[in-house]
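Open the model in your viewer with the sequence panel beside it. The tour below goes from one selection to the next and says what is there.

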Amino acid sequence: MSKPPPLTANQRLRLQGYLDGMPRLGPETVHIDITNACNLDCVTCWNYAPGLASPKDMAWKALRMGAPAFHRILAEVAASGAERIILSGGGEPFTHPDIHDFIAAVKARELALTVITNGTLCDFPTLAELGVDQLLVNMSSASAESYVAYHPNQPPETFAQLLDGIASIQGRIGVNLVQVINAINAAELPAMVDLAHQVGARLSCKLGDTPPGTEACALSKEQRKALLYRDIPAARKQAKALDVRHNLEAFAAQLAGSRNGDAPPPCFAGYLYSRVFVDGRIFFCCEHIDVGHMNAGPFEPQWRGPAYQALRQRLAAGQGFPGCARCGKHDMNYTAARQLAAMDAAAP
């Protein structure tokens, strides 16, 4: 990971809020889940993996945010000072029939927009026309063989079709190829750099979860060692030669921390990020820690309210949650910690 760019005034205010223990602004990013439906069955997914010990029921999978609720939530989080919206879901956001209207509504407010997707249902040219800023496309593979192994209900042709679609928007939408590293694809890290270069994307690696029932996908000790001491250094060198942007430094820190049982980086979620679930619940982070509900009143008073503040204080005191060990916002926290260190170093 390269040196962070200079901080904006709002980034400084949010980091100062972290130091003060009370937010000075609304969240930089609000993540809105619009549907739980999905068309894939990724083998380490907490919601759709074929081998889950406790599968989600059909009522949960059918949850979908209605248009009136979405537009009200969007208006309230925008009024709080949010600068970026993430659209995703417990499933695939492009299964929602109103997804293009939701995208247009976000861009009409001149907010940055990221969509987290598996890419298989994307109309890539339309997304470029609508002004989507960034797509996080979950590939979790660098070959058709590993793609099918990780997405069992897909044919090998899907892999090539995805790459063609991503390549078609090169220079129009920023794309992160998300690689969930697990036992299936661990040996492909250098090939993942080549793949990102091929389609003009950024490489974004994360340590794969292993929900109960999917433990066979966990990295072995030998795979972890090979990644840390051979493949990640080689991939970083290769990325530099090909001018591929990446998060390999943060991924190495995540992998090493998980291996050694170290505490995760300081948590900035209560100052930079919030998540609204498909049913209106407000989550502190990707761990689905409840801090409110959109039906309980406007977003901003809840963001500054006692439930949120109690969680900020708990985490500042080092009292995390079980899910912190597999933090879904690791990259955000890693970058913010570096920014804070640079801000402190520059202080008179």
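Start by selecting P156, which is partly exposed because its relative accessibility is 44% (buried means under 20% relative accessible area, exposed over 50%, partly exposed in between, with a 1.4 Å probe and protein chains only). This is a predicted model, in which local features need pLDDT of at least 70 and side-chain atom pairs count only at pLDDT 80 or more, while totals for chains, interfaces and linings use all residues. Residues are numbered from 1 along each chain as its sequence is written, and side-chain values use heavy atoms, with hydrogens and water left out.

P156 sits in the loop between α6 (144-150) and α7 (157-167); helices (H or I, at least four residues) and strands (E, at least two) are DSSP runs, numbered from the N terminus. Leaving aside residues up to four places away in sequence, P156 touches A144 and V148, where contact means heavy atoms within 4.5 Å.

Next, select residues 189-199 and 221-242, which are helices α8 and α9. Their axes are 8 Å apart and they pack at an angle of about 20 degrees (axes are lines fitted to C-alpha atoms, for helices over the stretch in contact, and angles run from 0 to 180 degrees between N-to-C directions). To see the contact, show L189, P190, V193, D194 and H197 in α8 against L227, D231, I232, A235, Q238, A239 and L242 in α9. These residues divide into eight nonpolar, two polar and two charged (Ala, Val, Leu, Ile, Met, Phe, Trp, Tyr, Cys and Pro count as nonpolar, Asp, Glu, Lys and Arg as charged, and the others, Gly among them, as polar).

Now select F284, F299, W303 and Y308, a cluster linked by ring pairs. Rings of Phe, Tyr and Trp (its six-membered ring) pair if their centres lie within 6.5 Å; planes under 30 degrees apart count as stacked, over 60 as edge-to-face and the rest as tilted. By this rule there are eight aromatic pairs. F284 and Y308 form a tilted pair, because their ring centres are 5.7 Å apart and their planes at 45 degrees. F284 lies in the loop between β8 (281-283) and β9 (290-293) and Y308 in helix α13 (residues 306-316), so the pair ties together parts that are 24 residues apart in sequence. F284 is buried, at 1% relative accessible area, and Y308 is buried at 1% relative accessibility.
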